[in-house]
Amino acid sequence: MLLRRLEYLVALARERHFARAAAACHVSQPSLSAAISRLEHELGVPIVRRGRRYEGLTPEGEVVLAWAHRILAERDALHQELSALRDGLTGTLRLGIIPTVVPVAALLTGPFCDRHPHARVAMESLSSLDIRRGLAEYELDAAMTYLDDGEPRQVRRYPLYEERYVLLTPVGGPLGDAAGATWSEAAALPLCLLGPRMRNRRIIDECFAAEGAAPVPAVESDSVAGLYAHLPGGRWSSVISHAWLHMFGVPPGMRVVPLAGPAHGPRVGLVVARSEPPSVLAQALVKVARQTRLRDALDSLLTAHLDGHD
């Protein structure tokens, strides 16, 4: 019963609304409210600020919520470990991924599913901030994100690859037959780039600024897919991460041109919560990541495109 009440508290803190929390837990609102009241009575502290509607948690409630996340995560880890001993790995791996890493996610989730056919993957595209919160509150088992971007301290980090930036440009354009290009030359082209709220775009802007350039893109997108949708037809160029070539390749009529320095961008890696005991599902994904050699696969793909091969 205690675990059930802790589940209700976690749902209430997430939904910030009694009726929505009750619906998420498949119980009536009075049942959820009564369970929270009994939890307060058992612990001897007020947990919820009560008014005409949900007004948040008390300081004591925040402490109870943190323990609730931890206790429920350990319960799930116990079930996963026992299930793995009995039937092989089962359950759902909850994986958060920043949007610009989504194009390579299948390089990990595919081998993971092949190795553990009874397990499932629930993948969600999230901002770095939401990933930090999800890991801290045990709502995510693992995440693929930038390792140098202020991720929480209480995580284990496993580098996957370093982003390398290249120019995608029309074959018939000003740099269509160039062996290489500078960032200043790229800035002078009609560009389609990610929007300024994206971490990848801010990194690219820093590279432009290092050469005294400030691009003014004609089109900005909040997704890699949206960016690629504008490239066929030879009107715009773009600066991309080499990892995107895995999913999207090179649009017809365009080619990949190397950009002069930096040779490598920020590190992308796998992060998992530093919990004890660790998540069995997360550890299984880490094992797959170590054996996949993602960096080598992406570097070979880039080399093939630079050499003019498919």
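Contact is taken here to mean heavy atoms within 4.5 Å, and helices (H or I, at least four residues) and strands (E, at least two) are DSSP runs numbered from the N terminus. The structure is a predicted model, in which local features need pLDDT of at least 70 and side-chain atom pairs count only at pLDDT 80 or more, whereas totals for chains, interfaces and linings use all residues. Residues are numbered from 1 along each chain as its sequence is written, and side-chain values use heavy atoms, with hydrogens and water left out.

Helix H12, spanning residues 294–306, has 13 residues and reaches 19 Å from its first C-alpha to its last, close to the 18 Å expected at 1.5 Å a residue, the expected span being 1.5 Å times one less than the number of residues. Its buried residues (under 20% relative accessible area, 1.4 Å probe, protein chains only) are Leu294, Leu298, Asp299, Leu302 and His305. Seen down the axis of H12, these residues fall within an arc of 125°, given by the directions from the helix axis to the C-beta atoms, and so line one face of the helix. Among the elements that cover them are helix H5 (106–115), strand S7 (165–170) and helix H11 (280–292).

Terms used:
Buried < 20%, exposed > 50% of the residue type's maximum accessible area, 1.4 Å probe, protein only.
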